[in-house]
Protein chains: 2
Amino acid sequence: MPADQQPPVPSVWARPRAKREQPALSRDRIVSEAIRLLDAEGIDALSMRSLGTRLGAGATSLYRHVANKDELIELVVDQIYGEMRVPDAGDPARWRAAVTEAARSLRSIVLRHPWAVSVFGQVGLAHLGPNLTRQSERLLALLRTAGFAADEADQAMNLLIAYVIGMTTSEAAYLAMLARSGQSEQDLLEHLRPAAEHALRDHPLLRESQSAVQGKDPGQLREESFTYGIERILDGLETRLRP
Amino acid sequence: MPADQQPPVPSVWARPRAKREQPALSRDRIVSEAIRLLDAEGIDALSMRSLGTRLGAGATSLYRHVANKDELIELVVDQIYGEMRVPDAGDPARWRAAVTEAARSLRSIVLRHPWAVSVFGQVGLAHLGPNLTRQSERLLALLRTAGFAADEADQAMNLLIAYVIGMTTSEAAYLAMLARSGQSEQDLLEHLRPAAEHALRDHPLLRESQSAVQGKDPGQLREESFTYGIERILDGLETRLRP
DNA sequence: GCTTGATGCGAACACTGTACGCATGTCAGA
DNA sequence: TCTGACATGCGTACAGTGTTCGCATCAAGC
C-alpha cells in the first residue's frame with residue numbers, strides 16, 4: 001500500500017467524517033425517536049426504514065442495538081410506563097385519592113400515546129420491563145398501606161390496571177380514528193349519524209342512552225365515565241377493608 | 001376473430017370449469033374462514049394471500065367482497081362478539097349472577113380467540129357492528145332491570161366491558177406468547193425464572209406477591225383473579241342501588 | 001342472439017422486516 | 001507505531017405484504 005492514501009485533491013469535505021460527532025446510535029436514542037415518530041404519525045408510520053431515516057442512519061443499522069421490531073416495541077411500551085406518576089404511600093386514610101391519581105396518570109399516558117393500545121395485545125403488559133415493575137411496586141405499596149394483604153393487594157392492582165387499560169383502549173382507538181379522519185369530533189359524529197341511527201334502529205335502550213348524552217361535550221363525558229368506573233371499583237375495594 | 005376458439009384438441013378437463021359448483025365466495029365464507037385461520041395459526045398468519053388460498057381463491061378475489069384488510073378485521077371482531085351469551089333480563093334480585101355470566105362469556109370468547117386482543121386497539125370495540133350492538137342492548141337491559149337509570153346503566157356497562165377486555169388482554173397476550181414458545185407453562189416459567197428474579201430484585205412487595213402464589217395452578221389463579229375483580233365491581237355497583 | 005353487470009384472477013407496484021457480508025472506526029497490547 | 005480484535009454502520013438482496021388495474025368469464029334480462 002502507498003503511504004499516501006489521500007485523494008489527489010484532498011479536502012475536509014471529501015473525508016468521510018472527522019469524528020463521530022453525534023451521540024451515535026444507541027438503544028436509548030432509537031427508543032425515544034421511535035416514540036416521537038409514533039406520537040407524530042401513528043403506528044402505521046413506524047417502519048425500520050422510516051425510523052432509521054429520522055435518526056440519520058440506515059434501516060439495518062438499528063439491528064445493532066435492537067434484536068428486531070418486536071423487541072423495539074417492547075422497549076417503547078416500557079418506556080412510556082416510565083411516564084406514570086404513582087404517589088408515595090403515605091396516609092392510609094387517603095388511599096382512594098392516591099390510587100385515583102395513579103389511575104388518571106395511566107389514562108393520560110395512553111391518551112398522549114394512543115398508538116400504545118394497538119400493541120398492548122402483542123406485548124401483554126410487558127411484564128418484566130423495569131419501568132412497569134417499578135410502577136407496579138409503588139402501586140402495590142399504596143394498596144398495602146391502605147390495608148390489603150399481600151395476595152389481595154395484587155388482585156386489586158390487576159383489577160385497577162385492567163380497568164384503566166380496557167377503558168382507554170376503546171377511547172384511544174376512537175380518538176385515533178378521529179385523528180385519521182381529519183375532521184373535528186362534531187363533524188365526524190354528524191357524518192356517522194345515519195350509520196349510527198341504522199345500527200341502533202332495533203335497540204331502544206341504546207338509543208335512550210345515546211339521546212341522554214346528546215349535545216354534551218364528548219371529552220367531558222369520557223372523563224366522567226372513566227371517573228365513574230374508578231369510583232365504583234374503589235367502592236367495591238373499600239367494602240373489603242371494613243366489613 | 002375466427003369462429004372456432006377451442007384449442008386443437010378440446011377436452012372437458014381443459015375447459016376452465018363446468019359450473020360454479022361451490023357456494024362461491026361470499027363475505028360470510030371469507031369471515032368465517034378468516035376466524036378459522038386466526039384460531040389455528042394466529043394473527044401473523046393472516047394475509048390476504050393465505051386466506052385466499054384456504055378458500056381456493058386468488059388473493060385479490062377477496063377484494064370483491066371486502067373493502068380491505070382493516071374492514072375484514074372489523075367484520076371478524078364483530079363476528080366473535082356474536083358468540084357472547086348474555087342472559088335474558090329476568091329476576092332483578094339475580095342481576096349479579098346474570099352479569100357475572102355475561103362477563104365470563106366475554107372472557108371465554110377472548111381466550112378462545114386470543115388473537116382478538118391484538119386488534120382491539122385498532123378497531124376500538126367495533127362500535128357499530130350488529131353483534132356488538134345486540135349484546136350491548138341485552139347487557140343494558142340486565143342493568144336497567146337491576147335498577148340503574150339510563151345514563152348510569154350505560155356507565156356501568158362501560159365499566160364492566162372495559163374490565164373484562166383489559167384483564168383478558170393481558171391474559172391472552174401471555175397465553176399467545178406461551179403458545180409461540182411451544183413449551184408447557186411450567187417449562188416456560190422455569191425458563192423465565194432468572195430474568196424474573198433479576199427484574200424483581202429491588203421490588204420486595206412484588207416478590208412477596210409472587211412467592212405467595214408459587215406452586216399454585218396458573219390457570220386457576222387467572223380464573224380467581226378475574227372473579228375477584230368482577231366481585232369488587234359488582235360490590236361497587238351495588239352500593240349505588242341501596243344507599 | 002346481444003348487452004349488462006357481477007365476479008374471479010394474474011401481473012405489477014411500492015413497501016415491509018431482516019440476513020448477510022463488507023467497510024470503517026476504536027482501542028489494547030506488543 | 002504497528003497489529004490484531006472488536007464494535008458499529010450500511011448497501012444489497014430476498015421473500016412476503018396490501019392493494020390497484022385491466023382482462024377474462026359467467027348468469028340474467030332484453
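Chain A contains 10 helices and 0 strands, helices and strands being DSSP runs numbered from the N terminus (H or I, at least four residues, for helices; E, at least two, for strands). Along the sequence, the pattern of chain A reads α-α-α-α-α-α-α-α-α-α. The structure is a predicted model, in which local features need pLDDT of at least 70, side-chain atom pairs count only at pLDDT 80 or more, and totals for chains, interfaces and linings use all residues. Residues are numbered from 1 along each chain as its sequence is written, while chains are lettered from A and ligands numbered from 1 in the order in which they are written.

Of the 243 residues of chain A, 34% are buried; a residue is buried if 20 or more other C-beta atoms, placed from the backbone, lie within 10 Å of its own, exposed if 12 or fewer, and partly exposed in between. Among the contacts in chain A with a separation of 6 or more, 68% are accounted for by residues 24 or more positions apart, a contact being a pair of residues whose C-beta atoms, placed from the backbone, lie within 7 Å.

Chain A is divided into domain 1 (3–80) and domain 2 (88–239), with bounds from an automatic or database domain assignment. The centres of these two domains of chain A, taken over C-alpha atoms, are separated by 35 Å. Contact between them involves 10 residues of domain 1 of chain A and 13 residues of domain 2 of chain A. On the domain 1 side, helix H1 (27–41) and helix H3 (69–81) of chain A each supply at least two residues, and the largest share, 6 residues, comes from H3(A). This side of domain 1 comprises 5 nonpolar, 2 polar and 3 charged residues, where Ala, Val, Leu, Ile, Met, Phe, Trp, Tyr, Cys and Pro count as nonpolar, Asp, Glu, Lys and Arg as charged, and the others, Gly among them, as polar.

Chain B can be laid on chain A with an RMSD of 0.0 Å by a turn of 180° and a shift of 0.0 Å along the axis, the superposition being by least squares on the C-alpha atoms of residues with pLDDT of at least 70 in both copies. The two copies are therefore related as by a two-fold rotation axis. The same surface serves both copies, since 100% of the contact residues of chain B recur in chain A.

In the interface between the chains, 50 residues of chain B are in contact with 50 residues of chain A. The largest share of the chain B side, 16 residues, comes from H7(B). By class, this side of chain B divides into 26 nonpolar, 17 polar and 7 charged residues.

The largest nonpolar core has 111 residues, such a core being a set of buried Ala, Val, Leu, Ile, Met, Phe, Trp, Tyr and Cys residues joined through C-beta atoms within 7 Å. Leu142(A), Leu143(A), Leu160(A), Tyr163(A), Leu143(B), Leu160(B) and Tyr163(B) have the most contacts inside this core. Leu143(B) touches Phe148(B), Ala153(B), Ala156(B) and Met157(B), residues up to four places away in sequence not being counted.

DNA strand D is surrounded by 21 residues, the closest being Leu25(A), Ala57(A), Gly58(A), Ser47(B) and Asn68(B); a residue is near a strand if its C-beta atom, placed from the backbone, lies within 6 Å of it. The surface near DNA strand D has 7 nonpolar, 7 polar and 7 charged residues, and its largest share, 3 residues, comes from H2(B).

Notes
Contact = placed C-beta atoms within 7 Å.
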